[in-house]
Amino acid sequence: MRWTEFMRRRRSRSAGVPPAVWSMFRAPAAPRRGPILICICGAICIFAMLLSGAAPERHLSVYSVAANYSLPIVQHEGRNYICLLEVLEPLGKVSAKLEGPRWRLRYNNVEGDFQVGKTHARVQGRDADLTGKFYVENNRGLVPLTALASLLPRFLGGPVTVHDESGRLFIGSVATHFTAGLSFSAENAPRLIFHFTAPVNPTVATEPGALRMTFTREPVVAPASPTLTFGNKIIPSAIYSESNGTAVVTVNSSVPVIASFSNDRRTVMVSPVATQNATPPAPGTPEATAQPTPAPAAPAPVARRYFAVVDASHGGDDYGETLSSTLLEKDVTVALARSLRQELEARGIPTLVLRDSDANVPLDQRAAISNAYRAAIYIAVHAASSGHGVRVYTALLPFDGDDRGNFRAWNTAQHAALPLSQTTASAVAAELQRRQIPVRALTAPLRPLNNLVGPAIAVEVAPQGSDSSQLTAPDYQQLVTSAVATAIAATRDQLGAAQ
Ligand SMILES: [Zn+2]
């Protein structure tokens, strides 16, 4: 589990920048400018955004080699306007001066001359059509969004691409392209494989019939055709769309699907939850063998209600703890999860192992899938080299939960189920103790426990002594998992009643 690592990640997340002002990185050598006016202008732009309370209605995402950032779009006479200085500010040395109705902007060595109410400006002494009137608001020079396509190349000296409708601006050749193709597992289960030209980190959301990947910070652009069809009943199509500064890829599916990341987050595999479970892709095999002709129809996945979801924590490029020079936590958790499934199913408890391959599955998605299955119990499995025996965790909920009416806040989704989670954790701890395995029951702000709407616990297994190789011994694994399964079976009626 690596507790310090977890706390550090948590802290760095909470210390984030305001959501609308993100930046992948800034060019370290970008010369900082003198006039205080710019700072004020920038601050006003940002403050106006923050003071408006909610996220701005519309924004422009800007992608460039130097930085990726998001700017508010303001409305004037029914048209979209943008603060020109803010667009240029992260890219180079910029200054501006307001003299009566004249607003003069200097970017590196390029001068622009704008006049309030005029539809034309001058850049380096040459006429520039603004496609609408120029405005000044709080010392900010505002130009129509549609003027950027012709105006920016004059300042920047290079090509830009503007998607006016969806609020996305690409400076230079920065776009991330992707391809998508269907491949099939040995059992003919479909897997939709996306290959991106750069690492991606989309927000993944699942709902009945669809999985949606939302790209806010990445300059992902449309494939040749925005609608991709695959001639498959389980995963028939994927659709690309963009709006309000984001790109969205929606995968349509007839069964619940899961997205997993590999290849330094350049490859995304979308596959049915149950079949991924049954047929883990062999590590190291290329997945991109899209078949040109539709393969024989995949067997319809068995509609099955899972009582327990066992989550093998970590996976993919998240190794978890390095338990020894040859042992990674992510591998031990899969072995423990499989052992626990076997023990639970031997007691008549239908069990889904959430990660049965070396895939990188985001925490939010692990919780979302378990929630979608309405599992009676969620059990995350961890392994550790320090301490002795087993630690059983329940969620320590944050104070900042924001429940509104019927909508459960994601960070405190566990709230109502917590008493039953604690009952289950106590039963598991008691059974381990009965079998002479050292055990402690703890609460911790351990994700994704707080995002589960049903009873949820985490079980962290350490060796009984100091030899971490015991973690891979099947008899030790079974000693622990059979105790956990016995306790779950004993609380089955309580858990089932709440399901
Ligand atoms: Zn762990």
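The model is predicted, so local features need a pLDDT of at least 70 and side-chain atom pairs count only at pLDDT 80 or more, while totals for chains, interfaces and linings use all residues. Residues are numbered from 1 along each chain as its sequence is written, and side-chain values use heavy atoms, with hydrogens and water left out.

**Overall picture**

The chain has ten helices and 30 strands. Helices (H or I, at least four residues) and strands (E, at least two) are DSSP runs, numbered from the N terminus. Of its 499 residues, 50% count as buried. Here buried means under 20% relative accessible area, exposed means over 50%, and partly exposed lies in between (1.4 Å probe, protein chains only). Among contacts with a separation of 6 or more, 66% come from residues 24 or more positions apart; a contact means heavy atoms within 4.5 Å.

**Helix α9 and its two partners**

Two packed helices are described by the angle between their axes and the distance between the axes. The axes are lines fitted to C-alpha atoms, for helices over the stretch in contact, and angles run from 0 to 180 degrees between N-to-C directions.

Helix α6 (residues 329-346) and helix α9 (residues 474-490) have axes that come within 8 Å and cross at roughly 45°. That angle makes α6 oblique to α9. Angles under 35 degrees count as roughly parallel, over 145 as roughly antiparallel, 65 to 115 as roughly perpendicular and the rest as oblique. On the α6 side the contact includes A335, L336 and L340, and on the α9 side it includes Q477, V484 and I488. By class, this contact has seven nonpolar, five polar and one charged residues. Ala, Val, Leu, Ile, Met, Phe, Trp, Tyr, Cys and Pro count as nonpolar, Asp, Glu, Lys and Arg as charged, and the others, Gly among them, as polar.

A335 of helix α6 is partly exposed, with a relative accessible area of 27%. A335 and A312 are 23 residues apart in sequence, and their C-alpha atoms are 8.3 Å apart in space.

Helix α8 (residues 418-434) also packs with α9, at an angle of about 135° and with the axes 8 Å apart. The pair α8 and α9 is therefore oblique too. T424, A427, V428, E431 and L432 of α8 meet V480, A483, V484, T486, A487 and I488 of α9. Eight nonpolar, two polar and one charged residues make up this contact.

**Nonpolar cores**

A nonpolar core is a set of buried Ala, Val, Leu, Ile, Met, Phe, Trp, Tyr and Cys residues joined through side-chain atoms within 4.5 Å. The largest has 41 residues, and those with the most contacts inside it include L84, L105, F114 and F155. Apart from it lies another core of 40 residues, among them L336, V381, V428 and L432.

**Backbone spots to look at**

Most residues other than glycine have a negative phi, and most peptide bonds are trans.

A cis peptide bond joins R447 and P448, with omega about 5°. P448 sits in the loop between β29 (439-444) and β30 (456-461).
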